Structures are given as C-alpha cells and as structure tokens.
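Reader: I've got a model open on my screen and I'd like to learn how to read its side chains. Can you walk me through it?

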Amino acid sequence: MQSNLDNLGAVRVVARTPRSLAPILDAGATQTLRRLLHDTFASFFIKFLPDSPGGPKKYAHEVASLLHLYFTLVSLAKDGGTIGESLYWIARDNLVKPGQSQSLGDPEARRRFRRCVWAAAVHVAGPYLDARLAELRDVAEEELNVRRQVRAMEAEGSRQSPPRAMSGYTSPASVAGYEYSLPLSSDRIKELGLAAFVAIHPYAKLALGLRDVAARVAFSAGLSRASTLEHLLTGSRVRRLTGREAEGLRSDREARRSRALMEASSRGGGWPSWIKTKALRAKHLSEDWNKALLALVAVGCKGLEWWYSSGEEASKESRAEALDLPAPPRPSTERRLPKSSRLCPICRREKKDPAVLTASGFVFCYACVMSHVKDSGTCPVTDAPASEAHVRRLYFTS
C-alpha cells in the first residue's frame, strides 16, 4: 500500500514541474466548480423561495452563498484546501501543518480557524459578486433602453405634431420654441453612470480573467507564490501534496480525533459527556462525507428544479388549452405602439399609475387614458368604443 502511495506521489511531483500545464488546468477546474456550485444553489433558491413582497427570494444569492460557505469551510478545515483544490491534492501551506491541534482552546488552532473562515469567505465572494453585478448590469441596460426609446418617441412626436395636453406638463419656454435645461442634471448624471457601468463591466470582467490566467502561468513557471487572485488576497501559498504527505495528514487527523473522543468520554461521564461524544462523531462524519453530501445536495437541487419546471410548463400548457385565450386586439394602423411595454402608448413615457382599458386590454397611464376616453370615447390603440367605466387602475403586490 505504501509503495503504491509513493508511486502516486511521484506522479504528482512530475505533474508539478514547470513544463506541465497541470497547475493551470487544476486552478481553472477549481474556479469553474466554484461558479457552478453557486449557480446551482442560487437557481434552486430563486425557483423555490417564496415570492412575496420583501420576501426571501430576493436574497437567493445570499442564501446560496451561505450554503456554499459551509461546504467550503468544512473542506478547508479538513483538507487545507477548497473542494475543488482537494480533488487535485492541492493544499494551502498556512492551513496544512502536521501535528497541530484542532481544539479551539489552543491559540494556534483559533488562528487557523480564522484563516479558514477568511479563505472560505473570499472563495465564496467571487461568484456571488459576479452574479450580483451581472444582475445590476441587466437592470441598468434595460433602464438605458427605456430612456433611449422615450427620447426617440419624444423627438418623433415633436417633429410630427405639437405636444398633446395629455402627454404631461408643457412649459411656456417649450411653447415659445426653446427650453433651458442644466447641462448635467441629476437624472443625466444617473444615466451617464449607468452607461459607464454597462460599458465597463464586460471589460473589467475580461481583465480579471486575463489576470487570473497570467497568475496561473506565473505560478506553474515558479515565478509566483499565488496561482489565483483568491490566493493572493488570503496570503495562501498553494502546493500539490504527494501521496506520502496526504497519508501523513490523514493519519495525523485520525490520531487527533481519537484523542478528542477519549477526552470527551473521560470527563465525568453522564449525559454531557455522551452528548459531546456524539457531537464530535457527527462532526467527523460530516467532514468525511462532505464531498459526497455536497454532490448529493447539488444533484438534488438540479433534479428538483427540473421536476418543478417540467410540471410547471405542463400545467401552463394545460391551463392555456382549457381557457382557449382569445387573440389580442389588433392596433389601428394610425398608431404605432412603443417597443417597450414600460412605455405608455399615448404619451410615450414610462407609465405612471398604470391603468388598463377593459374594452381592449391595453395598459396606459391612468391620466392619459382617462383624458383620451373622455375626449373621444374610444380606445386610443384599437379605436374600440370605450367609456370611463372601462378604465381600471392596476395595483401591484410588489
């Protein structure tokens, strides 16, 4: 058995040579696994957490990060590396010291535990921040698109016809043919900030990715002590364990566990001693089966998500067939609808106090549609007969 471990260790030492691409591939696989785990947990919680106003669904990424943090912390405390790193026998020197105590009553053990917590937090923060920034970029991009459409609609309307009374306040200056505006209003500054964020985000993400690749190449060539930005932030120097080192760490861990169990069972006996012994055994079991439990949870999350999505799609199709929904009314050829559903078809601005006209089903600003119905008695989109009784204000739960 020992000779086999030595041979395996020799293979690992060869893979650590500067000519080998193994360190680069190992670090890349570790980073990919980190992102995959966060996305799996976040997708599950987004699907299943209650969708109520101010409810937990909006914290799905935070809940996913906490679950990811637990599994990462257990792996760092047991193997000296994250889940992906331990799969490749990669460990961090400041977390792997044979013979060190694991009792939190020991000052060195407390320092090691704090290092594990910091390393786990940095490891989990990467995919969390990336996911949140991607969501913010999507929201900013949609906001910019709406603003561009509003400006385009206003410019087109000003060229074709004078401002309508229902389209909002018209200043005396604009009627006279000119209108004074500050060069940089708060709204304009906000728009510039959103545009800058949308433009910079992909380049910043690309720069961080290239920096990570350069760090891996430098690490494999022996020019750097940190293979990724994560290791640089945590001050961790990573190395690949040999088979002999891995076996030594395993034996040392088993010896520490035996001593801890003996100390727990020899302290007075009775219920407190029995509870502490069982708690230690449960802790050791969770450490030994950490990877298997993680795989089970991840596969279970994806399986439940697939099952729920399949049932939801089938239910939607059956309801649609049972209801036999009518086709939407056709707009009149004289009026062109805005491209964004957030804009009112009358004033071409973002809807304020949305209201539906039940005669056609289209949604407008409450003031716009009420004014139009009073004046013309028809739907402004389909020209269908309508009255004030057909206007219904919309109320949203969130």
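Author: Let's start with burial: a residue is buried under 20% relative accessible area, exposed over 50%, and partly exposed in between (1.4 Å probe, protein chains only). With 2% relative accessible area, Phe71 is therefore buried. This is a predicted model, where local features need pLDDT of at least 70 and side-chain atom pairs count only at pLDDT 80 or more, while totals for chains, interfaces and linings use all residues. Residues are numbered from 1 along each chain as its sequence is written, and side-chain values use heavy atoms, with hydrogens and water left out.

Reader: How do I read a pair of aromatic rings, and how many aromatic pairs does the structure hold?

Author: In general, you describe such a pair by the distance of the centres and the angle of the planes. Rings of Phe, Tyr and Trp (its six-membered ring) pair if their centres lie within 6.5 Å; planes under 30 degrees apart are stacked, over 60 edge-to-face, and the rest tilted. Here you'll find four aromatic pairs. Phe44 and Phe48 make a tilted one, 4.7 Å centre to centre with 40° between the planes.

Reader: Where do Phe44 and Phe48 lie?

Author: Helices (H or I, at least four residues) and strands (E, at least two) are DSSP runs, numbered from the N terminus. Both residues sit in helix 2 (residues 22–48), four residues apart, or about one turn of the helix. Phe44 is buried at 15% relative accessible area, whereas Phe48 is partly exposed at 34%. Another pair, Tyr70 with Phe71, is edge-to-face: 5.2 Å centre to centre, 70° between the planes. Tyr70 is partly exposed, at 39%.

Reader: Which residues do ring pairs link into a cluster?

Author: That would be Phe44, Phe45, Phe48 and Tyr308.

Reader: And which residues form the nonpolar patch on the surface?

Author: Like charges are joined within 9 Å, nonpolar side chains (Val, Leu, Ile, Met, Phe, Trp, Tyr) within 5 Å. Accessible areas come from the Shrake-Rupley method with a 1.4 Å probe, and for residues only the protein chains shown count as cover. In this model, Phe48, Leu304, Trp306, Trp307 and Tyr308 form the patch, with about 590 Å² of accessible area together. Helix 11 (residues 290–323) gives the most, with four residues. Trp306 lies in that helix and is exposed, at 62% relative accessibility.

Notes:
Patches are made of residues with over 30% relative accessible area and no salt bridge: like charges are joined within 9 Å, nonpolar side chains (Val, Leu, Ile, Met, Phe, Trp, Tyr) within 5 Å. A salt bridge is a side-chain nitrogen of Lys or Arg within 4 Å of a carboxyl oxygen of Asp or Glu.
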